[in-house]
Amino acid sequence: MLEKINALKEEITSATASDLKGVEELRIKYLSKKGAISLLMADFRSVPAEQKREVGQKLNELKTLATEKIASLKESFASDGDKEMEEFDLTRTATSLNPGTRHPLSIVKNEMLRIFEGMGFTIAEGPEIEDDWHVFGSLNFPPDHPARDMQDTFFIARNPADILLRTHTSSVQTRVMEKTQPPIRIVCPGRVYRNEAISARAHCFFHQVEGLYIDKNVSFADLRQVLLGFARQMFGPETKIRLRPSYFPFTEPSAEMDISCDICGGKGCAFCKGTGWVEILGCGMVDPNVLEACGIDSKVYSGYAFGMGIERITNLKYKVKDLRMFSENDIRFLREFESAR
Ligand code: PHE
């Protein structure tokens with residue numbers, strides 16, 4: 001028996017085939033039910049008890065040898081396609097593709113736009129590189145008005161038209177008013193630039209959503225109601241608002257709007273500096289000079305405008321303490337918004 005095994009071992013070790021058919025013939029010869037190894041296995045019964053262990057072990061080794069030999073011969077004839085497929089383990093669980101997450105500012109911007117669209121506003125966009133007229137001139141800033149400095153503008157070219165990076169998206173409102181007669185009801189999302197030192201609370205660029213509604217008989221009460229609706233949808237149905245008188249060259253009267261602090265519920269805490277209120281936006285009735293500058297008859301039409309920073313709204317909603325987080329692309333920060341829309 002052991003001799004037979006050794007002879008077969010040598011035979012199998014040196015076996016060759018010239019094609020896949022030859023390999024299959026070898027398989028049948030050694031490994032099929034009536035193959036040489038199976039026949040030896042069948043004879044195993046007649047092996048004397050004291051040899052059984054040794055013979056059994058040798059037989060198993062022989063079978064492994066034949067199986068591996070045939071597999072390796074088969075592989076040498078396999079087509080490239082087959083080889084490629086063999087490199088993939090089709091039974092493995094798929095790894096997740098990590099499709100990334102939406103940026104928190106996009107999440108909040110989309111939410112803001114959804115709310116305003118629900119109130120009948122359409123979206124208007126315009127260029128980030130602007131001229132003086134669209135950012136300042138048309139919006140009732142006199143030529144040497146200090147407000148131009150107040151907004152710390154980045155100028156690209158001083159002449160002939162003063163090309164600059166827009167400091168607010170009110171410039172988009174001008175562009176729409178120039179081309180369209182009322183009724184106009186738009187929200188203008190976009191990036192704006194101001195020459196400020198970068199810190200936790202200020203950045204040289206940020207994002208805004210500004211709104212404009214012009215029609216016959218538009219009143220301050222309409223403005224208040226729209227802003228109340230926005231605040232409640234954005235921050236919850238219990239949210240209260242308050243309007244404080246303010247100043248903008250392009251609105252008269254002008255106001256700033258606060259919402260009740262949702263951390264302390266208006267009682268006063270560190271976040272709202274004990275006042276119970278946090279400021280979120282500027283607004284007012286469009287100054288007649290602005291309407292006239294854009295070719296709209298201020299005796300027939302009136303309107304309101306409002307503008308807010310998306311970063312500010314995001315800070316309030318998600319309690320982000322440092323503005324720089326929004327532009328540093330720290331993956332750990334961005335992942336925190338995975339579950340948000
Ligand atoms: N344009 C103002 C700003 O950037 C915001 C604003 C818009 C205020 C409309 C009043 C009306 O600060």
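R166 is buried, with a relative accessible area of 2%, where buried means under 20% relative accessible area, exposed means over 50%, and partly exposed covers the range in between, as judged with a 1.4 Å probe and the protein chains only. The structure is a predicted model, in which local features need pLDDT of at least 70 and side-chain atom pairs count only at pLDDT 80 or more, while totals for chains, interfaces and linings use all residues. Residues are numbered from 1 along each chain as its sequence is written, and side-chain values use heavy atoms, with hydrogens and water left out.

R166 lies in the loop between β4 (163-165) and α9, the helices (H or I, at least four residues) and strands (E, at least two) being DSSP runs numbered from the N terminus. Although R166 and D152 are 14 residues apart in sequence, their C-alpha atoms are 10 Å apart in space. Helix α9 itself spans residues 170-179 and contains S170, which is buried, with a relative accessible area of 2%.

S170 also belongs to the surroundings of the ligand, for 13 residues surround the ligand and the closest are H168, S170, R194, Q208 and E210; a residue is counted as near when one of its heavy atoms lies within 4 Å of the molecule. S170 and Q208 are separated by 38 residues in sequence and by 9.5 Å in space, from C-alpha to C-alpha. By class, the shell around the ligand consists of five nonpolar, six polar and two charged residues, given that Ala, Val, Leu, Ile, Met, Phe, Trp, Tyr, Cys and Pro count as nonpolar, Asp, Glu, Lys and Arg as charged, and the others, Gly among them, as polar. The strands β6 (205-215), β9 (277-286) and β10 (302-309) each supply at least two residues of this shell, and β10 gives the most, with three residues.

Turning to the backbone, a cis peptide bond joins P182 and P183, with omega about 5 degrees, and P183 lies in the loop between α9 and β5 (184-193). A cis peptide bond also joins E252 and P253, with omega about -5 degrees; P253 is placed in strand β8 (residues 251-260).

N140 has a positive phi of about 75 degrees although it is not a glycine. N140 is found in the loop between α7 (132-135) and α8 (147-150), and with a relative accessible area of 25% it is partly exposed. N329, which is not a glycine either, has a positive phi of about 55 degrees and is located in the loop between α13 (325-328) and α14 (331-335). At 52% relative accessibility, N329 counts as exposed.

Finally, R324 lies in the loop between α12 (310-318) and α13 and, at 30% relative accessibility, counts as partly exposed.
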